[in-house]
Each structure stands twice: as structure tokens, then as C-alpha cells.
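Subject: Structure for you to look at

Hello,

Here is the structure I said I would pass on. Please open it and keep it beside this email while you read.

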Amino acid sequence: MVSELQIRVVPRIAYDMDNLRDYVCTELNVAANRLEDVVILKRSIDARQRIVMVNLKVVAYIDEKPESSPLGNPIDYKSVLDVSRKAIVVGMGPGGLFAALKLIEAGVKPIVIERGKDVESRSVDIAAISRTGKVDADSNYSFGEGGAGAYSDGKLYTRSKKRGSVERILNIFHQHGASSDILVDAHPHIGSDKLPRVIKNMRETILRCGGEVHFCKRVDKLLMDGNRVAGVGCSDGSTFSGPVILATGHSARDVYEMLKEQDVKIEAKGIAVGVRLEHPQELIDRIQYHSKEGRGEYLPAAEYSFVTQIDGRGVYSFCMCPGGVVVPAASGDNQLVVNGMSSSGRNSKWANSGMVVEVRPEDLKGYSPDDELRVMRFQQELESICFKQAGSSQRAGAQRMIDFVEGRASRDLPLSSYAPGIQPSRLDKWLPSFIGNRLRKGFKVFGHSANGFLTNDAIVIGVETRTSSPVRIPRDSVEMRHVVVEGLYPCGEGAGYAGGIVSAAIDGERCADALVSAYYEK
Ligand SMILES: Cc1cc2nc3c(=O)[nH]c(=O)nc-3n(C[C@H](O)[C@H](O)[C@H](O)COP(=O)(O)OP(=O)(O)OC[C@H]3O[C@@H](n4cnc5c(N)ncnc54)[C@H](O)[C@@H]3O)c2cc1C
């Protein structure tokens, strides 16, 4: 007999399989020796009340063993080695990777072109940023196999309402080595220690099926045939022909410059800008789990999410990393940018999140309204100011949270997870006032809603600018191709159509589907 149950239990039962088995036996009134297996299908923490509860959907196998795991549904990728149908995918972030896999499913050979190195070699360059302060412009937290997703936090939740599509993406991650927990948890998370292996496995699927992957090749021109893209040219002089999925992410500023130069229509787009806020994790655990003892033995490091409106603009937490670290996310010279990530165990002593203010193109003074790259130029300028404030290094400027709110210098700073190091800086003074003032007001609002959150034990670290794309590459909403240029499929976060790993992956699949139906199903 197989029974499905929805239960609401304390963490001691939810996170300990022996305790859970006992609980299920009591619920179903069966003897322990008849219960062959219990599998958790869904899990979510409810920390709204004083006593934290966990909602579970489980399946219990009584007097019979499961024939196969009820979790996961692997896709059978067939060979495209000998097919003549092909498409170019520029960029190997989640958008490009999932586009390539979808092309294979449709019987089309993907030719993937990536400016950076494979995910393992890339880790050496990423470590060097913290050690030497030097940033390789083709191999960093944004560029290289896996894109910004490879050394990201690996949170896989999204605001996308397309449940089927989200489940499909999680399933493909699981098929390539991510834990089955991502199929179960309401807030699935892979972790930056596990992501590179999953990405490597995806590359191996592409290669095994006969797709091509070209590393260390930077696309620097679209090859045009009238109004149609016929292929791409790379900085080393090589060329590739075919329709193009352009999934180069939001940090490829040279790609936006290239599109502008080649008269491909692009538009300025709003972003969000602010700081990374870092608290001791145990403080966040105490606040979110309403307990002086913190998270205790069973619960995971606590998360938070804040949002408010200040003077007509959204102020909100972004990419919260419980038990995580703040990382140097610059992708070139003369930039200081911070971001956050956490390993699968989420076991560092710190909690961090981006705390950002919505910035619209019309908020920017001193930039030509005719320049489609004006938001990007603002981003660049701010990152450069931040770099200079840090003495032209990656040692980020930081300020204690209440000092930032009250506009005074911090005499000293607590320990931080940020590996290149932090130094005291008057972020309250040098952040543009339309951002800094709103952040300060926002912090007061968040401090009122969560007692203890506004504290000088927390620090703000500058500056967080890479929240989304400063440019949109407009495309037809049904055909997914560029509104003017044929054969060009702007894809993922860099095109302005995704904001995170899962939404970029979904967008990659949609672009691949659209390309296949336009080129190969007529
Ligand atoms: C530190 C960090 C933590 C993050 N944490 C999370 C998280 O927990 N959850 C989440 O959902 N999102 C997170 N993100 C954001 C997430 O990684 C991105 O939203 C996602 O990777 C976007 O996917 P994409 O494929 O559109 O672009 P990208 O991942 O940016 O990939 C673009 C790719 O294109 C390549 N490329 C660029 N220019 C060229 C060129 N000219 N020629 C060839 N190749 C080129 C780049 O090298 C890169 O590999 C994080 C990002 C960072 C940096």
C-alpha cells in the first residue's frame, strides 16, 4: 500500500528520518516493521508563528518497497552528431546551457561559444581575485562556463508562475547531479560548492550528444546578411554560421557596445543599486525563528526578505545568502562590485543580502536620454568610484549599519566574510543621494518590522550594481526573435528577460523552441 500524507510537524520530526518514520507509523496506525520507506515530496518551513513548524508532503510505502524513486524524471538526450540542423548559442550561463540542451532534445546541434574557461580552470582565476585583487576580464564571477550561475549562490527559486517549467528546470539540474532536495524544498538551493560539478555534467551531456563547446572564444561581431544574422565572428578571427541565441548575461558590456555599433536596436532598462548587508547569521536565526537559542539542532540557517516603497521607488533585499559569504564580483578593471553566495551547507557565520533601490533610466541626471547605454554607464561610473574609494583595490569600503543610517563614520569594523578585506568608508556620503537616502529610510522600516535587524553588528559593503540588465534587447513576445533583426534570439538576463538562474534557464528553453520552430519545423 502506498499512502500520501500532508503533515505539519516540528523540525525535530521533519529533519530526522527516524523521528519522521515513527510519526508516520503513528499517523497511519501501522507497526514500524511494515513501513518499508518514507519519501519526502515537498517541504516548507513556516516561521510566521512563535513555534516554527514544517509542512511536509510525504509518501509512505507499507508492506511494499518503492519500484523507483518518486522524485525526478530524467530526459533521454539523443545524439545530434550527424544532423545538419544547427544553431549557435553565445554564452554558457544558465540561459545558454538550457538553450543548448533544449536544442539537442529537438534534434538540433548546438554550437556553444563561451568567452571564458571551463568551470574548473575558472575557479583558479576566481580565487586569484581575492588573493591578488586582479580581475581577468574573460574569467571571473560573471564570465566562464556556467556564467554568473556557476559560482553563484545557487538559489533556485523564482517568481515565475510557470510551475511546469520551473519543475522541468529543477529536474534537469537534478539529472545532472544536484541533490533531490531541490525537488522537495520550497526554497531549493544547490550551493556554490556543488554547482560547478552540475555544470560540468551538463557540458558532458552536450558533448556526448554531439554538440560543440568552444571555450575562450569571445564573440565580437554579428555577421549580417541584410537584415538577417548569418552567424558570429570572434575576437580570434574565427567565424560560425547559423541562427544565434545571444545569452551573454548582464555583465557583457562589450556585447551591448557591439550591438549599438552594429545598429541593432537596444533600449535602456531600469536596474536596482545598493549595498551588500552582512549580519552575524546567529542574529538572523534568533530574529527569524523567534528564539534566543537561534536555529537549534535541526533548522537550516534562516533567511529573510524585505520590501518597501520609499519616495516612489522600491527598496528591497535581493539574493539573500544565509550562512554565506560576500564575494568580489567585478568583471573587469577599475570596478569594485560585491555579490553573495553560500555553500550547500550554508554554514558560514554570516548572513548577507543585497539591499537595493530601484533605479529607473529617468532617475539618472547628466546622461543623454538618447543613449541606450546610459544606465550601464551609470553602473560603470559607480563601480569605478567604489574602486577608487577603495584605493584602487578590491578591499571594499564598509560601514556599520546604524552609522550608515545616522550618517557618521564607523571607528572600527567587525570581522567580515569578504575575502579581499574591508576598510572603513563613508558610504553614506559617496553613494548617490537618491540611492543612499532611500536605503537609510528603508533600513529604518525593516528595523521596525524585525526587532534587532537594524544593528551596528551588521555592516554595509559597497557596491551592489549587478542586479539585472541595464539594457533590454527587444524581441517579439511570441517568435522570441529580435524585433528587427532576423535570426537573432536575445536570451536570458542580459537581454532583459530573466532575473536569476531558473528564469534564465526557462528563457533559454523558450528561445531554443522558438528558433527550432522558425528554422526547422516549417
Ligand atoms: C555571486 C552571484 C550569486 C548569485 N546567486 C544567485 C542565486 O542564488 N540564484 C539565482 O537565481 N541567481 C543568482 N545569481 C544570478 C544568476 O547567476 C544570473 O541571473 C544567471 O546566471 C543569468 O543567466 P544568463 O545565462 O542569462 O547569463 P550569465 O549567467 O551571465 O551567462 C552569460 C555567459 O555569456 C558569456 N559571454 C559574455 N559575453 C560573451 C561573448 N562576447 N562571447 C562569448 N561568451 C560571452 C559569459 O562568459 C557567461 O558565461 C547570482 C549571480 C552572482 C554573480
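The notes below cover the ligand, the nonpolar cores and some backbone angles.

This is a predicted model, in which local features need pLDDT of at least 70 and side-chain atom pairs count only at pLDDT 80 or more, while totals for chains, interfaces and linings use all residues. Residues are numbered from 1 along each chain as its sequence is written, and side-chain values use heavy atoms, with hydrogens and water left out.

The ligand

Around the ligand are 37 residues, a residue being near if one of its heavy atoms lies within 4 Å. The closest are Gly95, Glu114, Ala148, Glu493 and Ile501. By type, the shell has 15 nonpolar, 15 polar and seven charged residues; Ala, Val, Leu, Ile, Met, Phe, Trp, Tyr, Cys and Pro count as nonpolar, Asp, Glu, Lys and Arg as charged, and the others, Gly among them, as polar.

The ligand alone exposes 1000 Å², and the protein buries 95% of that (Shrake-Rupley method, 1.4 Å probe).

The cores

A nonpolar core is a set of buried Ala, Val, Leu, Ile, Met, Phe, Trp, Tyr and Cys residues joined through side-chain atoms within 4.5 Å. Buried means under 20% relative accessible area, exposed over 50%, and partly exposed in between (1.4 Å probe, protein chains only). The largest core has 81 residues, and Leu20 is among those with the most contacts inside it. Helix α13 (residues 501-520) gives the largest share, nine residues; helices (H or I, at least four residues) and strands (E, at least two) are DSSP runs, numbered from the N terminus. A second, separate core has 52 residues, including Ile271 and Val460.

Backbone angles

Most residues other than glycine have a negative phi, and most peptide bonds are trans. The bond from Gly462 to Val463 is cis, with omega near 10 degrees, and Val463 lies in strand β20 (residues 459-464). Asn29 has a positive phi, near 60 degrees. Asn29 sits in the loop between α2 (17-28) and β2 (35-46) and is exposed, at 70% relative accessible area.

Regards
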